[in-house]
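Please read these notes beside the sequence and the model. They are arranged as numbered points, moving from the whole chain to particular places in it.

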Amino acid sequence: MKLQSTRNARLISFIVVAAVNLIAVSRAFAADPPDAAPRPAILIQNATILTVSHGTIEHGSILIRDGKIAEVGQSIAKPQGAEVINANGQFVMPGIIDCHSHIAVDGSVNEGSVSVSSMVNIADVLNPDDIDIYRDLAGGVTVANVLHGSANSIGGQTVVIKLRWGAPASRLPFEGALPGIKFALGENPKRSNFSIRGQEKRYPATRMGVEETIRAAFTEARDYKSKWDDYNKRTSAGEKNLIPPRRDLRLDPLVEVLEGKRYVHAHCYREDEILMLLRVAKEFGFKVRTLQHVLEGYKVADEIAAAGAGASTFSDWWAYKVEAYDAIPYNAAIMTRRGVLVSINSDDAEEATHLNQEAAKSIRYGGLSREEALKMVTINPAIQLGIDKRVGSIDVGKDADLVIYNHDPLSAYAVVQKTLIDGRVYFDRSRDIAERADREKEKKALIEKEKKAAAEKKAEDKKSDDKKQNEKKLEDKPKPPHSGRGSTADESGGVGSAADSDRGAL
C-alpha cells in the first residue's frame with residue numbers, strides 16, 4: 001500500500017508539473033484559436049531583412065496579410081488598422097526548417113520488431129503538447145520533418161509539420177507537403193548494439209543483409225504494383241467481375257516511392273553504404289530525396305550530386321560511434337562545392353534551438369558565404385522537402401513564417417525575439433519574460449496543491465491500513481469453545497442458542 005501511495009504521489013506530481021508547462025505556456029502563446037476571425041494585417045518595420053532569395057534589405061519592411069507575405073521593401077505604407085512590429089536594429093529571416101527531427105511524437109519513434117515497417121506512420125502519433133515544440137519555436141524553428149527512427153532498413157512513414165504550438169495534432173501537418181519514408185543503413189538497422197541475451201537476433205545482421213532487405217522489399221513492391229496496374233488497366237477497358245489484388249499496407253508506401261509520390265529520407269554514414277543505396281535506387285527507378293547524417297558524404301560528393309540526391313547533415317558531430325569516426329566539419333561545405341544540395345539538421349530537440357549557429361559553422365569550416373550558410377537552414381531544406389514554393393525565403397506570396405533576431409542570426413549573440421508562423425506570433429520573448437513570474441506563482445500553487453493532495457492520500461491510505469489491521473486482529477482472535485448442545489441455525493444462516501429459537505417461536 002505504501003508503494004502504491006508513493007507511486008500515486010509521483011504521478012500526481014508529474015501531472016501537475018506537466019500541466020504547468022503546457023497549460024500556462026499554451027495560454028500565453030496560442031491565445032488566438034486556429035479558426036478565429038481574420039486578424040489585422042501586420043507590418044514589420046525598420047528591420048534588416050535577410051530574404052535568402054534576393055539579398056539583404058536594410059531598414060526594410062514586411063507586410064503580412066492573411067498569413068501570407070503581401071509586400072517586402074523599404075517603403076511600405078502602414079495599412080489602416082495594421083499591427084506594427086518595430087524591429088529597429090533587429091534582423092528578420094525566414095523561419096528555420098529542420099529536415100531531421102523527432103519532436104512531437106508520442107512514445108517511441110521506432111517500430112523495431114521487423115526490419116521493414118513501412119506500414120506504420122508517424123502522423124498517427126503526433127503529440128501537440130510536446131514542450132519541445134515551444135522550445136524549438138524559441139530557437140526560430142517553424143517547420144520540422146518528423147522522422148521515424150533508424151532501427152529498420154525501411155522504417156515508417158514520415159510527416160512534415162509546422163510548429164503551431166497550441167493547435168491540435170490534426171493542424172500540425174504542413175498542408176500539401178509530400179509524405180516521406182525513413183530508410184536506414186549500417187549499424188542501427190543491423191542492430192549492432194541492440195542484442196538481448198536469450199533473444200533470437202533479428203535479420204538483417206550485416207550490411208549485406210540490409211541491402212538485400214531493401215532490394216527484396218522493392219522487388220515485392222514492383223510485382224505488387226504490376227498486379228494493380230494490370231487490374232486497373234483491365235477495369236478501365238471495361239472488363240467486369242474482376243477480383244482486385246489483395247491490399248498490402250506494407251507495400252503501398254513503397255509503390256508510392258516507385259511512382260515518385262513519396263520521398264525517401266535515408267539515415268546513413270559510410271561511403272560504401274551511400275553508394276549501395278544509390279545503386280539500389282537506380283535499379284528500381286526511384287530517387288533518394290535526402291541522405292540523412294551522410295557524414296562521409298564528402299568522400300562521394302560527386303556521386304551524390306550525379307544521382308540528384310540531397311544531403312542533410314550535422315555541422316560538426318563526430319566519433320560518437322564507430323561509423324562517425326571519419327566525420328569532418330568540412331563535410332557540408334565540400335558537398336556544397338561539389339554540387340550537392342545541403343541542409344544542416346538537428347536530430348535532437350535541443351540542437352534545433354540553435355540551428356542558426358550550426359549553419360554558421362560552415363563559414364568557419366569550409367569558407368561558405370553568409371548567404372550559403374543561411375540557405376542550409378531555410379531554402380535548401382525547403383527544396384529537399386518539396387515545400388519551397390511556400391516557405392524558405394522572404395518573397396511575396398509565401399507563408400509568413402518568419403524569425404526576428406536581436407543580432408545577425410549567424411552571430412553567437414543572436415537571440416530570437418519573435419517567431420511567426422502563417423503570420424501569427426507563436427513565440428514572443430518579451431511576453432515570455434514578462435509572464436514568467438505569474439507562471440512561477442501558478443506553478444508553486446499547483447505544487448502546494450499536489451503536496452496537500454498527496455498528504456491527504458497518505459493519511460487516507462494509513463487509515464485504511466489501520467482498519468484492515470484491526471479487522472485482521474479480530475479475525476485472528478481465538479473463538480470460545482462450545483458444545484453444540486441446544487444450538488440451532490437462525491434465519492440469517494448464523495448459529496443461535498436454543499433459547500433464542502424458542503423466543504422466535506413465541
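1. For the protein as a whole, the average pLDDT is 89, and 87% of the residues score at least 70.

2. A word on the basis of these notes: this is a predicted model, in which local features need pLDDT of at least 70 and side-chain atom pairs count only at pLDDT 80 or more, while totals for chains, interfaces and linings use all residues. Residues are numbered from 1 along each chain as its sequence is written, and side-chain values use heavy atoms, with hydrogens and water left out.

3. The protein has 13 helices and 18 strands, where helices (H or I, at least four residues) and strands (E, at least two) are DSSP runs numbered from the N terminus. Of its 506 residues, 46% are buried, and here buried means under 20% relative accessible area, exposed means over 50%, and partly exposed lies in between (1.4 Å probe, protein chains only). Among the contacts with a separation of 6 or more, 69% are between residues 24 or more positions apart.

4. How do helix 3 and helix 5 pack, and at what angle? Helix 3 (residues 207-236) and helix 5 (residues 271-284) have axes 11 Å apart, at an angle of about 15°; axes are lines fitted to C-alpha atoms, for helices over the stretch in contact, and angles run from 0 to 180 degrees between N-to-C directions. The two helices are therefore roughly parallel to each other, given that angles under 35 degrees count as roughly parallel, over 145 as roughly antiparallel, 65 to 115 as roughly perpendicular and the rest as oblique. Helix 3 passes helix 5 in a right-handed crossing, meaning that the near helix is turned clockwise from the far one by less than a right angle.

5. On the helix 3 side of this contact are Arg-207, Glu-211, Ile-214, Arg-215, Phe-218, Thr-219 and Arg-222, which meet Glu-273, Met-276, Leu-277, Val-280, Glu-283 and Phe-284 of helix 5. These residues divide into 6 nonpolar, 1 polar and 6 charged, with Ala, Val, Leu, Ile, Met, Phe, Trp, Tyr, Cys and Pro counted as nonpolar, Asp, Glu, Lys and Arg as charged, and the others, Gly among them, as polar.

6. The loop between strand 9 (180-184) and helix 3 holds Pro-204, and the peptide bond leading from Tyr-203 to Pro-204 is cis, with omega near 5°. Arg-202 is in this loop between strand 9 and helix 3, and Arg-202 is buried, with a relative accessible area of 16%. Beyond its neighbours within four places in sequence, Arg-202 is in contact with Gly-112, Ser-113, Val-114, Ser-115, Ala-151, Asn-152, Pro-189 and Arg-191. Val-114 is 88 residues from Arg-202 in sequence, yet their C-alpha atoms are 7.7 Å apart in space.

7. Most residues other than glycine have a negative phi, and most peptide bonds are trans. His-59, in strand 2 (residues 56-65), has a positive phi near 50°, and at 57% relative accessibility His-59 counts as exposed. Ala-319 has a positive phi near 65°; its place is in the loop between strand 12 (310-313) and helix 7 (331-337), and at 25% relative accessibility Ala-319 counts as partly exposed.

8. Which residues of helix 8 are buried? In helix 8 (residues 355-364) they are Leu-355, Asn-356, Glu-358, Ala-359, Ala-360 and Ser-362, and these buried residues pack against strand 6 (96-101), strand 13 (342-344), helix 9 (370-375) and strand 14 (402-405). Just after helix 8, Gly-366 takes a positive phi of about 125°.

Conventions
pLDDT is the predictor's confidence in each residue, from 0 to 100. Contact means heavy atoms within 4.5 Å.
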